[in-house]
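Subject: Structure for you to look at

Hello,

Here is the structure I promised to pass on. Please open it alongside this note.

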Amino acid sequence: MMKKLTALLIAVLLLVQPASAFAEDDMEQYRSGTPWLCLALDGVVTEDTPVDLKDNFALAVSHDFYLNAELSEEYGLAGTVIDGNIATSEDIAALFADGVTVASEDAKLVKKLYDLQMNWDARNAQGVAPLKDLLSLLDGVGTVDEMNAYFLNTPVKDLLGSLYNSAAMFDLMDSSVVVGVAEPAALFLDSAEYGEYPTELGNMKRETYTALILGMLARLGYSEEAAQKMAEDAFAFESMLAPTILTADEERQADYFERVLNYFTRDEALELEGKVPMVEFAEKYYGTQDVWIVTMPAYCERLREIYTDENIGMIRNWLICHAVVACASLLDRDCYDFYNDTVSAMRGTETQPDEIIAAKNTASLLKWETAHLYCDTYVTAEDKAAVQAITDKVIATYKEILAEETFISEETRAAAISKLDNMIVLCMYPDDWSEYSYQDLSFRSAEEGGSLMEAVNAISEAALLRDVEELTRPKDRGRWIEAPTVFNCSNNPSANTINIFAAFCRGKIYNPDMSYEEMLGAIGMVIAHEITHSFDRMGAQFDENGEYYFWWTDEDYDSFMEKDSRMAAFYDSMTAWEGMPFNGAIMTGETCADMGGVKCMLRMASEIEDFDYDAFFRAYATLWAEKGNMYSVLSYLQDEHPVSFIRVNSVLQQFDEFLDFYGITEGDGMYLAPEDRVLIW
């Protein structure tokens with residue numbers, strides 16, 4: 001059996017070219033980007049690459065990095081942000097190292113989960129039995145009625161998937177009301193990849209998922225012929241559904257919420273679902289909801305058509321294929337290595353060490369318990385106070401920017417400032433941790449006969465029950481959604497909050513030894529970026545209470561969207577390399593936030609005597625210094641976040657302060673004429 005599994009793994013390694021392997025002759029085609037060289041791709045910069053601050057600021061500031069930095073073998077990336085991400089994972093792993101004792105109940109819980117992952121003797125003894133036990137619940141399911149019984153009667157901790165993500169939530173348009181919500185189930189690929197023209201990245205993912213499915217089914221005892229049929233069924237089923245699901249690009253458009261906020265009465269939702277137990281499944285846990293939001297009704301209509309006894313075998317195979325991919329890394333060493341090595345081959349990376357993977361999984365599954373231990377160990381009250389002080393200053397400065405903005409009327413200005421006044425800042429970590437842990441969660445250790453899969457399923461069930469309980473209380477806009485160990489910052493428009501996570505505020509992004517200019521160029525810029533998201537094309541659709549409400553005048557909003565379109569066209573004119581244009585239509589939210597962030601920082605700088613602009617601009621360029629292999633770059637080109645060097649050059653060239661400080665004039669690569677600039681705020 002394992003020889004067959006190894007053969008499949010080798011096939012994947014040969015099929016998916018390591019994304020970091022390029023001969024110098026091959027690299028030349030990737031040096032044709034406009035208006036700047038694609039610094040994001042490792043190997044593009046050579047000793048012969050011209051370096052001139054006035055032509056390519058990102059390259060000039062970080063030339064040694066782009067020329068010499070080695071990519072992380074585990075991530076296929078190098079740069080300031082990835083360094084911080086790696087450091088966070090290592091810090092979390094250190095919390096569970098041998099010899100480290102823990103005292104609190106939260107700490108004991110996360111240590112138990114970590115130990116379950118690292119106990120290879122127990123995992124190997126259990127083999128694939130934990131997954132086989134759950135798959136056995138699908139044995140013999142051959143009709144719609146039997147499949148519905150599986151969905152509705154199986155304990156949620158043992159359920160291997162569903163045809164719909166149905167639950168309940170606070171209504172985006174009126175947070176005093178709880179509504180049912182139904183969204184399509186996740187596909188292996190973006191829905192666009194099932195069309196006539198799949199992308200290179202999509203093909204890589206399809207090949208990898210296919211290999212994972214075939215390898216895991218072989219490990220579970222299925223014949224090669226049966227496994228092939230099941231994989232074909234899974235992708236065939238998804239191909240039927242994909243045309244009814246918004247693509248990733250469509251989800252990033254300004255009309256996204258308008259498209260997905262489709263309201264139905266309960267009776268209408270029941271009629272729409274047909275025999276699919278969409279409403280019944282949610283009501284089993286969340287209770288009866290009189291109003292439902294069905295994000296993509298066409299999906300429901302299509303599913304209703306194909307949810308027949310004749311297709312149940314295909315649907316069962318689809319559920320099994322998703323389950324074996326999702327659960328592979330939770331089983332024994334062979335399955336764990338097969339999963340990680342196969343995915344790493346696609347990404348052109350090496351598999352991360354066991355302790356790092358276990359630490360990341362623990363932080364993801366028991367996020368609050370891990371975060372509490374992390375913050376107690378690594379973060380000080382002084383750090384929190386310092387970051388909060390910067391945030392307060394940024395908000396005050398942003399209010400000045402809104403007060404002076406010329407393209408909006410007084411009515412819209414008042415609503416925008418009210419939104420800023422009512423913004424909640426979740427800074428570093430909660431002041432009170434008591435509501436952020438699973439009080440009644442328990443699972444067995446390996447010594448008690450428990451398995452990792454059993455623990456993961458118990459945590460998933462506890463998370464669902466906590467979601468149910470939270471909906472019994474009024475919506476709390478100040479409640480943390482993500483934990484402080486997330487290496488990021490974010491804006492939640494449906495609560496009107498910005499979230500500055502502790503893990504992000506360390507190292508080169510924030511530390512108390514940085515100069516004030518460096519702080520503004522790094523953490524200050526990120527904070528202002530997140531505030532600007534409240535006024536980008538998505539955030540602008542939510543009011544001061546985090547509700548989906550149109551607070552603009554029609555004329556002002558038309559002007560705003562005209563600016564957004566100009567920004568999209570600006571990025572559409574650029575290419576990563578010949579034949580690979582940027583997708584400006586999905587990038588304007590992030591670029592609006594970057595430009596608004598820098599504008600806010602420069603306004604703060606103007607109030608400081610002898611401000612060191614060179615240190616500030618270089619700190620900003622260093623923040624986004626990043627390069628990676630082909631997989632990472634292709635992923636970025638389908639992401640709403642611009643690749644790193646674009647975030648530096650195209651943003652800074654919008655500002656006279658930058659151009660004037662470095663003496664950049666017409667004819668220089670970094671120059672942009674005033675009439676061509678695309679600032680929104």
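This is a predicted model: local features need pLDDT of at least 70, side-chain atom pairs count only at pLDDT 80 or more; totals for chains, interfaces and linings use all residues.

Residues are numbered from 1 along each chain as its sequence is written, and side-chain values use heavy atoms, with hydrogens and water left out.

Let me start with the sheet. Three strands form an open sheet in the order β6-β8-β7, with mixed pairing. Its edge strands, each pairing on one side only, are β6 (424-428) and β7 (489-492). Strands here are DSSP runs of E with at least two residues, and helices are runs of H or I with at least four, numbered from the N terminus; two strands pair if DSSP finds at least two bridges between them. On average, neighbouring strands of this sheet are turned by 10° against each other, direction ignored. β6 and β8 (residues 497-501) run parallel and are joined by five bridges, and L426 stands opposite N499 in β8.

Next, the helices. Helix α21 (residues 381-404) lies across β6 and β8, at about 150° to β6 (axes are lines fitted to C-alpha atoms, for helices over the stretch in contact, and angles run from 0 to 180 degrees between N-to-C directions). α21 also packs with α22 (residues 410-421) at about 175°, their axes 9 Å apart. The two helices are therefore roughly antiparallel (an angle over 145 degrees). By class, the contact has seven nonpolar, no polar and four charged residues (Ala, Val, Leu, Ile, Met, Phe, Trp, Tyr, Cys and Pro count as nonpolar, Asp, Glu, Lys and Arg as charged, the others, Gly among them, as polar).

Finally, the spaces. On a 1 Å grid over the protein atoms alone, a cavity is a set of points where a 1.4 Å probe fits but cannot get out, and a pocket is an open set with protein on both sides within 12 Å along at least five of seven lines; lining residues have an atom within 4 Å of a point. There are four cavities of 30 Å³ or more. Residues lining the largest cavity include W120, Y336 and L452, and α19 gives the largest share, four residues. The lining of the second largest pocket has five nonpolar, four polar and eight charged residues.

Best wishes

How values were computed. Contact means heavy atoms within 4.5 Å. Angles under 35 degrees count as roughly parallel, over 145 as roughly antiparallel, 65 to 115 as roughly perpendicular and the rest as oblique. Grid points are joined across faces, edges and corners, and a volume is the space filled by probe spheres set on the points.
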